[in-house]
Amino acid sequence: MRTLLLFLMLIASTVRADVNTYLNKYSISINDTVRLTIESTQQGQPQSPDLSILTQDFDLLGNKKITISSFQGNTRQATTRWQVLLRPKKTGQLQIPAFSVNGKLSAPMVLLVSGQANTPTISSPPATPIMQAPIFIETTIDHTEAYAGSQLIYTVKLFHKEPLNKNSALSDPFINQALILPIDDIKRSETLVKGQRYFLQEQRYVIFPDEPGTHLIEPPLFSGTSLNDQYFETQGSEIEIAILPKANSNSQGYWLPLETLQLEESLDKSTPLEPGSSLIRTLTLIAHGLPAARLPSLSVLKNELADLELLNTELDESFDDQGLVSRRTETIKITVTERGEVTLPPIDIHWWDTYEDRSKIASLPPVILQVSAAPTLLEPPAMTSSAKLQEINAPLVTKETTAPALLSPTADKKDSIAHIPLIVFLALVSIISSLGWLYSYHHLRKLKLASIMTRQTVTERQNEKKKQSHFLAEKNTFQALALACQQNNVDISRLRLIEWAQHFWPETFIENAEDISRLTNNQTLEFLIIDLEQHLHSHEKSLWQGDLLLQAIETIRKRRLKGKA
């Protein structure tokens, strides 16, 4: 419903206000909780709905307000959501009444509540150090002040004296405009608290808040029964955090607040390089304290003396004691096209060290590849033979010219006649050498032209192969994107969208979704990408629907097939 509303808003000629309500569950047990969302799209500041009309049938456990801004032409619109956590007071079909926002009414709904109400034993952390409660929750956070987008580690500890049934549930913490991920499975153990034995359940989370300002982390809520069917309900304490704005920005537009960052590479160049040969370069960026989807692209796929092709991009995430560990690995195929020195430029990744609170740069030095010329033929044998003959005959001529001139004219005449065959022989050798040199020059020139033609043919084949590779990669990544959109998986859809765009526009550097919006110059797709990003960083990923985004991408692909893009 919400995605359809966004699409209608984009194509409508006039702006229309509307109010919608929906529940995360429409059938619950009397001991469960349900989250009600009231959503209003308005121009200007919306009026808050009256939540007191819910108190007849529900206990209000807390509420949050979220505002999402968007633009239509030069007009700014805001979608405001109120999220209310409710617990029913009775069973049966409970009416969720209509809400009024700026004169617009929502539609009423019905919630089905089943089961038998228990009288809960509500427990909260006592104010004194001595903890006598049968069950209580302890919440802690590693820092109460952090930069926007940086990592916070939030720990929840549930202490209970009696074993709990399997139907017991502990909700996740919540904060507006933040990504929250559980670090690992719940750890169960036993411990002593002021001499009293407790069962302990511990769960850790990483939180990445994106909105600067002061925020309250809504603590988890526990509800469940012990083995003797005694019902318990308790909630931890709220924690207030201060989120600072970005400390700096760079020309690439990314912001990396991290604890540590490592940039590594491996280069396979075991064989000598010559024009047309290829090698594989692998770049790896390892970040502690940031999601893998937020890591920037590493490779520049442009070089005057080589063809660079991005073969694969892998994103991987894991957890350790310090939180989230992300890894981005890019595999690049480098095909050298000219002899000489091929220089791969240095790589600089600017990041902010949250421990030392200062800017740093992770760098790789430039890589210089020595490309030798292709093997060529040696000099023609005719020239070598000529040079040897000249060296052999040179002493003979010298001896003749330096001999004593004491002979008679008759002897001189005889000697001249005797030298004629030698002169004729040397003349023939000179003519043959010249012809051999001309033949060798012509042959070498012919070989050079053949080499140029071969190189051009290889280049054309490489370009055709590269084009075919991008075509197949674009087809495969589009199929993966379509599958993610059909499954309404917002995290995978964003990743597949960027991968698809990198193969759809292979000559353009694409790093994030904003680059795609700029390339397409399509307002509908731009709003759908904004909607995707907002769901990615919100607490309502399950509400995102990818059918409209998939339709917009299919339209762009069809235009290219028709020669319009």
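Author: In α5, A513, I516, S517 and T520 meet L525, E526, I529 and E533 of α6; contact means heavy atoms within 4.5 Å, and helices are DSSP runs (H or I, at least four residues) numbered from the N terminus. The model is predicted: local features need pLDDT of at least 70 and side-chain atom pairs pLDDT 80 or more, while totals for chains, interfaces and linings use all residues. Residues are numbered from 1 along each chain as its sequence is written, and side-chain values use heavy atoms, with hydrogens and water left out.

Reader: How are α5 and α6 oriented to each other?

Author: Helix α5 covers residues 513–520. Its axis and that of α6 lie 9 Å apart at an angle of about 170 degrees; axes are lines fitted to C-alpha atoms over the stretch in contact, and angles run from 0 to 180 degrees between N-to-C directions. Angles under 35 degrees count as roughly parallel, over 145 as roughly antiparallel, 65 to 115 as roughly perpendicular and the rest as oblique. The two helices, α5 and α6, are therefore roughly antiparallel.

Reader: Which residues of α7 meet α6?

Author: Helix α7 (residues 547–561) packs on α6 at about 140 degrees, with the axes 10 Å apart. From α6, the partners are L525, L528 and L532. On the side of α7 they are L548, L549, A552, I553 and I556.

Reader: How many residues of the contact of α6 with α7 are nonpolar?

Author: Ala, Val, Leu, Ile, Met, Phe, Trp, Tyr, Cys and Pro count as nonpolar, Asp, Glu, Lys and Arg as charged, and the others, Gly among them, as polar. The contact of α6 with α7 has no polar and no charged residues. The nonpolar residues number 8.

Reader: What is the angle between α4 and α6?

Author: Helix α4 spans residues 490–504 and α6 spans residues 523–536. Their axes are 9 Å apart, and the angle is about 135 degrees. That makes α4, relative to α6, oblique.
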